[in-house]
Amino acid sequence: MTPSKMDLVIAKRFGLGIRPEAATGERPDVRRLISDEIARGAHLPAVDGLLDTPATIDLVTKLKRAKASSISDMGRADEEQNPVVPTLAPNEIYRREAAVHFEAASSSRLGFAERIVWFWTNHFSVATGKSMLLKALAGVFEREVIRRHAFGRFSDLLIAAETHPAMLLYLDNQSSTGPASPTGARRGAGLNENLAREILELHTLGVHGGYSQSDVTSFAKVISGWTVGGLTTSKKSTVPSGFIFDVRRHEPGPQTILGKIYARPGIEQGLAILVDLAAHRSTARFIATKLARYFVADHPPESLIRELEQVFLETGGDLRHVYTALAASAAAITPPFDGIIGQEEFVVSCYRAFDVAPSTPLLLRYLMELGHPLWNPPG
């Protein structure tokens, strides 16, 4: 039995379209497919050749060190002075991660879990164009942070995203220094507000979520010292690669955010704020609105937004419950069906519709030509 028109609508709204094999045999239960993917999540099987975050940082740093040494030693006869250049370059790391990304979307029976991954990767966006290290880390960030937490609690996803080296590097927090910190007092203040502002404006409360500029500055002081280890090209460095908390750069003392005083010392101060932001009503509404727009309509009904917001608050940000409420809502099958799909949804859906194996080089090129380069938002 062929899929009904409503099956096709739901499959396109919530997934990447029904694959050709669904056009024959028993009619697919699209809502059951969504439920199955919510239960399973977006975890990938082990894939050979993929690096974790510390290994990626180590490799790219060694590559920079080797190139720098090669330039400085140019003309020397003694080649042993130069370290061996790693054979796996950032571009190749990026392509391997992209291949896994496209294969997961292509092979999924419906694609709802993959659409969720894309939603959160966009929500917590980083840009490969900023540096070669970020180009290498962007896919790792999606695999280690987004896939791992996209079907859990929002607070866990938020903390994982904001403490990942890709996010810290993208928003320049690796060098943010509290004015009254030991390093700040010695060298002068070097506070960077980028990450604090993005967390409040784009990751949690939303631009109209009720925060002020003083909240941004105080929050930036709280997360000063949240940095990335392993970036130095010096062979003498013993700092481990990955997220580290550098107390020498951290602004000491209590800070007030949204009218609440946070006096915990060290990294716990920032983690406590992230937990509170994740549970805030403005955050619930902001996330509910974005999900409704992404899956249902560019102008979703207010009733749907309120329903998702309430589920978010009642379950402590349990995203599986929010997705379930979204897929089960009457709005999911209510016209008009006028939402504009994104470039990646369009291209990958075409591959799926014709049952063509994904070609990573072609997909990367198509997305670039459509103004949607993978993991590199232009704005």
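Colleague: How many salt bridges does the structure hold?

Modeller: The structure holds 15 salt bridges. Please keep in mind that this is a predicted model, where local features need pLDDT of at least 70, side-chain atom pairs count only at pLDDT 80 or more, and totals for chains, interfaces and linings use all residues. Residues are numbered from 1 along each chain as its sequence is written, and side-chain values use heavy atoms, with hydrogens and water left out.

Colleague: What makes Arg96 and Glu92 a salt bridge?

Modeller: The term asks for a side-chain nitrogen of Lys or Arg within 4 Å of a carboxyl oxygen of Asp or Glu. The closest N and O atoms of Arg96 and Glu92 are 3.2 Å apart, so the pair counts. Both residues lie in helix α4 (residues 90-107), four residues apart, about one turn of the helix. Helices here are DSSP runs (H or I, at least four residues), strands are E runs of at least two, and both are numbered from the N terminus.

Colleague: Why is Arg96 called partly exposed?

Modeller: Buried means under 20% relative accessible area, exposed means over 50%, and partly exposed is in between (1.4 Å probe, protein chains only). Arg96 has 33% relative accessibility, so it is partly exposed. Glu92, at 26%, is also partly exposed.

Colleague: How do you know that Glu114 and Arg147 meet in a salt bridge?

Modeller: Their N to O distance is 2.7 Å, so the pair meets the cut-off. The pair links distant parts of the chain, with Glu114 in helix α5 and Arg147 in helix α6, 33 residues apart. Glu114 counts as buried because its relative accessibility is 6%. Arg147 is buried too, because its value is 4%.

Colleague: Which residues are linked in a network of salt bridges?

Modeller: Arg281, Arg285, Glu302, Arg306 and Glu309 are linked in such a network.

Colleague: What makes an open space a pocket, and what is the volume of the largest pocket?

Modeller: On a 1 Å grid over the protein atoms alone, a pocket is an open set of points with protein on both sides within 12 Å along at least five of seven lines, while a cavity is a set where a 1.4 Å probe fits but cannot get out; lining residues have an atom within 4 Å of a point. Points are joined across faces, edges and corners, and the volume is the space filled by probe spheres set on them. The largest pocket holds about 870 Å³ of space. It is lined by 39 residues, and Asn122, Tyr294, Gly342, Glu345 and His372 lie nearest its centre. Helix α5 gives the most to this lining, with six residues.

Colleague: How do the residues lining the largest pocket divide by class?

Modeller: There are 18 nonpolar, eleven polar and ten charged residues in that lining. Here Ala, Val, Leu, Ile, Met, Phe, Trp, Tyr, Cys and Pro count as nonpolar, Asp, Glu, Lys and Arg as charged, and the others, Gly among them, as polar.

Colleague: Which residues are closest to the centre of the second largest pocket?

Modeller: That pocket has a volume of about 340 Å³. Of its 16 lining residues, the closest to the centre are Thr227, Val228, Asp246, Arg248 and Arg249. Arg249 and Asp246 also meet in a salt bridge, at 3.9 Å from N to O. Asp246 is called buried because its relative accessible area is 11%.

Colleague: How many cavities of 30 Å³ or more are there?

Modeller: The count comes to three. The second largest cavity holds about 40 Å³ of space. Its lining includes Glu97, Glu142 and Arg147, and α6 gives the most to it, with four residues.

Colleague: What makes Met6, Ile333 and Phe337 a patch?

Modeller: Patches are made of residues with over 30% relative accessible area and no salt bridge; like charges are joined within 9 Å, and nonpolar side chains (Val, Leu, Ile, Met, Phe, Trp, Tyr) within 5 Å. Met6, which lies in helix α1, has 32% relative accessibility and so counts as partly exposed. Together the three residues form a nonpolar surface patch with about 230 Å² of accessible area, computed by the Shrake-Rupley method with a 1.4 Å probe and, for residues, only the protein chains shown as cover.

Colleague: What is phi of Leu258 near?

Modeller: Phi of Leu258 is near 55 degrees, a positive value in a residue other than glycine. Most residues other than glycine have a negative phi. Leu258 sits in the loop between β3 (255-257) and β4 (260-262).
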